[in-house]
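Subject: Structure handover

Hello,

Here is the structure for your use. My notes on it follow below.

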Amino acid sequence: MKYAHIDSNNKLLGWYSDDVHSTIPTPNVAVTDEQWQTSLDNNYNSINSDGSGSVVDFSTDAEKASMVRGTRDVKLVIDVDAIAGNALRWAELTSDQKTAWATYRQSLLDVPQQAGFPTNVTWPTEPS
């Protein structure tokens with residue numbers, strides 16, 4: 001028999017088999033070979049009491065905020081700095097284009113102030 005070792009939130013902590021392991025940690029859920037294979041094939045990280053599984057986002061709001069800020073920072077470096085940080089490229093832009101890039105930059109900086117942050121973020125559109 002195979003077992004999914006889970007925590008109180010059904011988060012998968014590990015897989016065990018009584019064919020291999022002499023001790024199965026608790027709490028655990030007994031799963032069929034089919035449920036075990038389906039869980040592996042689909043990268044399930046949550047196992048229910050009936051052995052069914054799913055993918056659940058267990059990250060905290062602080063972890064999500066850090067990931068969003070990281071994405072924002074990459075956009076600032078790769079998208080904005082490549083234009084605004086390059087004097088030759090910046091000089092070739094029209095006044096309207098410069099305003100669009102400045103607005104885009106500020107919108108990226110303001111992402112953490114959005115009402116849905118960090119779970120529901122609307123990314124600003126990069127100027128063309």
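Asp110 is partly exposed, with a relative accessible area of 34%; here buried means under 20% relative accessible area, exposed over 50%, and partly exposed in between, with a 1.4 Å probe and protein chains only. This is a predicted model, in which local features need pLDDT of at least 70 and side-chain atom pairs count only at pLDDT 80 or more, while totals for chains, interfaces and linings use all residues. Residues are numbered from 1 along each chain as its sequence is written, and side-chain values use heavy atoms, with hydrogens and water left out.

Asp110 belongs to the segment after helix 4 (95–109). Helices (H or I, at least four residues) and strands (E, at least two) are DSSP runs, numbered from the N terminus.

Helix 4

Trp101, Tyr104 and Leu108 are the buried residues of helix 4. They cover an arc of only 60° around the axis, so they sit on the same side of helix 4; the arc is that of the directions from the helix axis to the C-beta atoms. The face turned away from this buried side carries the exposed residues Ser95 and Asp96. The buried residues of helix 4 pack against helix 2 (61–84) and helix 3 (87–92), where contact means heavy atoms within 4.5 Å.

Rings

There is one aromatic pair in the structure. Trp101 and Tyr104 form it edge-to-face, at 5.7 Å centre to centre and 85° between the planes. Rings of Phe, Tyr and Trp (its six-membered ring) pair if their centres lie within 6.5 Å; planes under 30 degrees apart count as stacked, over 60 as edge-to-face and the rest as tilted. Because Trp101 and Tyr104 are three residues apart in helix 4, about one helical turn separates them.

Two lysines lie over tryptophan faces: Lys2 over Trp36, at 4.7 Å from the ring centre, and Lys75 over Trp123, at 5.5 Å. The criterion is NZ of Lys or CZ of Arg within 6 Å of the ring centre and within 35 degrees of the ring normal.

Strand 2

Ser17 is in strand 2 (residues 12–17) and is buried, with a relative accessible area of 11%. Leaving aside neighbours within four places in sequence, Ser17 is in contact with Met1, Lys2 and Ile24.

Regards
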